[in-house]
Amino acid sequence: MSTVSTFSGFTMARLGIMASSKAMEVTGNNISNINTPGYTRQSLDQRALFVGGADVYSSQFDVRVGAGALTTGVSQLRDPYLDIRFRNENAKVGFYEGKYDILQSLSLIMNEVAKGEEDGGVMEKQFNDILEQLQVMNTEHAGDKSYDSAVRKSAEALVQLFHTYSESIDKVLTNTQAEFKENIGEVNRLLTKLRELNESIKKAEISSGALSDAERKEGMIGERGQQALELRDERNTIIDELSKLIPIDVKYSDESIGAGMTVEKLTITLKGNSDAVLVDGVYRGQLSVQEDPKNAGNEDPYLRLQISVLENGLGQKMAVNKPGGEIYKIEDQELKSGTLQAQREMLTKVGEYSSTDEIAMDPNASTKRGIRYYQNALDALAQKFASIFNEANMKDKDGFMLVNPANGDYLKYKGDPATATDADKADLNKYDVVTEPVIDGAGALFSNNGDGNNPSGITAGNISISYNWSHETTHVIQTRDPAKNHLSTANDNIAHLIAQMQADHAYAPGDLGNTNHNPVPGSSFQGMLTYINNMLGNDQKATGDILDNFYASSQELDLGRESVSGVDLNDEAVNMMQLQKSYSASCRLLTTIDELLDKLINGTGVAGR
């Protein structure tokens with residue numbers, strides 16, 4: 001006796017027809033979505049149906065046969081390992097792409113190549129023009145105020161260039177700050193969307209898991225179960241977007257919902273740190289920026305990022321074991337990659353101008369040059385240029401002060417010059433205020449404000465022709481020797497300025513008030529400008545080369561993912577042919593069984609036949 005009922009063949013054929021039909025639907029769905037962004041190729045899950053138990057009439061010679069094909073669900077074809085590798089590379093692409101974009105904006109401002117005449121830079125040309133005007137004054141027209149005016153006009157043009165460069169760099173800084181805040185908002189939007197998708201997927205899986213046994217035996221997978229696949233596609237696309245902004249680790253686990261049932265749970269943390277939780281199932285955190293308390297009110301905050309407590313859509317909080325309680329502070333170098341970290345570094349890193357505190361946070365800070373580095377370098381150049389000219393016009397050859405730098409009063413040393421120390425020469429209390437300068441025309445040539453004569457605190461953004469020089473009360477003095485004050489042939493100070501224009505100078509970061517004095521190569525004014533441009537050009541080229549490598553690697557990995565998860569028309573066409581034959585064969589099986597049973601029932605045991 002057989003252990004299979006007489007009409008079980010009909011069920012077997014019917015399940016085969018249903019399996020082929022459902023598989024054809026999945027194939028059709030794949031083909032329909034061949035151009036849908038983020039779509040993951042789907043396949044029908046099947047298993048052989050076997051009815052357990054033994055027939056009371058069975059014997060040991062009976063052959064046990066399965067009861068047909070059972071469809072258990074629809075799954076996606078993805079390689080988790082390729083996803084991990086792609087997202088790691090994507091974070092590096094985001095970092096170097098963000099850095100390169102900012103460096104490119106700076107290069108459009110600072111690049112001096114071929115902006116001026118004869119392939120020289122604009123600012124370099126202006127330095128050379130000042131030198132030429134001084135040389136004309138020195139050789140032909142010493143003491144002629146009209147030629148002092150020519151030097152001043154050339155200096156005014158240089159001052160305007162400093163202002164233009166400084167304002168343009170400030171604009172890059174402001175734009176980057178705005179974009180940094182926008183990207184933090186984008187991260188928060190993506191985290192919120194992921195939380196919502198996790199909740200929708202969880203509900204869909206619960207609904208799909210609630211199918212009855214009879215429905216499962218019929219091969220049903222549930223509409224909500226199918227919906228979860230489309231939601232996963234959307235979620236994967238968002239995770240890819242998030243991975244470019246910040247480096248992340250993605251983990252899938254099972255979450256119990258009771259009655260022995262589980263659903264999938266997604267957890268996202270910062271890469272390499274399981275304590276920094278961004279998403280945990282239906283809970284999500286949010287990013288914010290916190291200025292370091294030591295830098296409160298400072299123009300240069302450390303931009304300390306932090307993750308707030310995790311919450312769900314109802315505002316319910318989740319207790320997460322994180323150092324420091326509910327707020328997790330992301331340290332300066334914790335992210336390591338991603339667009340946010342690139343912008344963070346370009347907003348805060350100042351290279352050789354780094355303070356001791358900044359180097360304590362990041363040992364490599366003195367080699368990382370962000371927007372503020374180029375601001376500081378330009379400020380150092382403006383300050384050094386102004387200080388050289390001002391000192392030459394405000395002190396005599398022995399270092400005695402001719403003018404009070406604070407208010408422009410004319411000074412005369414009241415002690416014995418022969419016994420004066422350097423400290424004495426710098427002490428304003430040891431000078432008398434006089435009505436006429438010891439040397440004609442002495443005074444500050446450059447100030448921090450065009451309406452005044454104060455030479456302190458000069459930067460590229462505020463350097464100005466002093467009020468007295470612009471009103472011709474002060475001019476470039478011919479000599480620094482009081483004994484030669486009225487000699488028309490004396491021109492030692494003009495020669496001194498010409499030599500200073502061609503000499504190498506030290507641009508110490510300490511001159512700008514930095515607590516850490518990293519060395520900056522000494523050079524002429526033109527040489528310092530070339531040095532700044534070389535640093536920018538080298539950094540941009542190195543960043544571009546690294547970006548190209550990571551971009552090519554990420555593209556290769558994405559193609560690898562596409563080869564697994566993407567829809568291939570040829571593969572689907574082959575599947576269609578196979579499924580068509582399978583469907584036809586199942587139908588033929590049903591017809592054949594029908595003919596067999598008809599013969600058995602109606603064609604046997606009848607007299608006369």
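Reader: What makes the second largest cavity a cavity, and what volume does it have?

Author: In this predicted model, the second largest cavity has a volume of about 60 Å³. The name applies because a 1.4 Å probe fits at its points but cannot get out.

Reader: Which residues line the second largest cavity, and what makes them lining residues?

Author: They are Asn-198, Ile-201, Lys-202, Arg-235, Glu-255, Glu-264, Lys-265, Leu-266, Gly-281 and Val-282. Each counts because it has an atom within 4 Å of a cavity point. Helix 4 (145–209) and strand 4 (261–270) each give two or more residues to this lining.

Reader: How do the residues of that lining divide by class?

Author: There are 3 nonpolar, 2 polar and 5 charged residues. Gly-281 belongs to the lining, and Gly is counted as polar.

Reader: How does the largest cavity look by volume and lining class?

Author: Its volume is about 80 Å³. The lining has 7 nonpolar and 7 polar residues, with no charged ones. Among its 14 residues, Val-403, Gly-408, Gly-443, Ala-444 and Asn-468 lie nearest the centre.

Reader: Happy with that! How do you know that helix 2 and helix 7 are in contact?

Author: Contact requires heavy atoms within 4.5 Å. On helix 2, the residues making the contact include Gly-94, Phe-95 and Gly-98, and on helix 7 they include Thr-339, Gln-341 and Ala-342. The axes come within 6 Å and cross at roughly 35 degrees.

Reader: Why is the crossing of helix 2 and helix 7 called right-handed?

Author: Helix 2 passes helix 7 in a right-handed crossing, a name used because the near helix is turned clockwise from the far one.

Conventions: Residues are numbered from 1 along each chain as its sequence is written. This is a predicted model: local features need pLDDT of at least 70, side-chain atom pairs count only at pLDDT 80 or more; totals for chains, interfaces and linings use all residues. Side-chain values use heavy atoms; hydrogens and water are left out. Axes are lines fitted to C-alpha atoms, for helices over the stretch in contact, and angles run from 0 to 180 degrees between N-to-C directions. Helices (H or I, at least four residues) and strands (E, at least two) are DSSP runs, numbered from the N terminus. On a 1 Å grid over the protein atoms alone, a cavity is a set of points where a 1.4 Å probe fits but cannot get out, and a pocket is an open set with protein on both sides within 12 Å along at least five of seven lines; lining residues have an atom within 4 Å of a point. Grid points are joined across faces, edges and corners, and a volume is the space filled by probe spheres set on the points.
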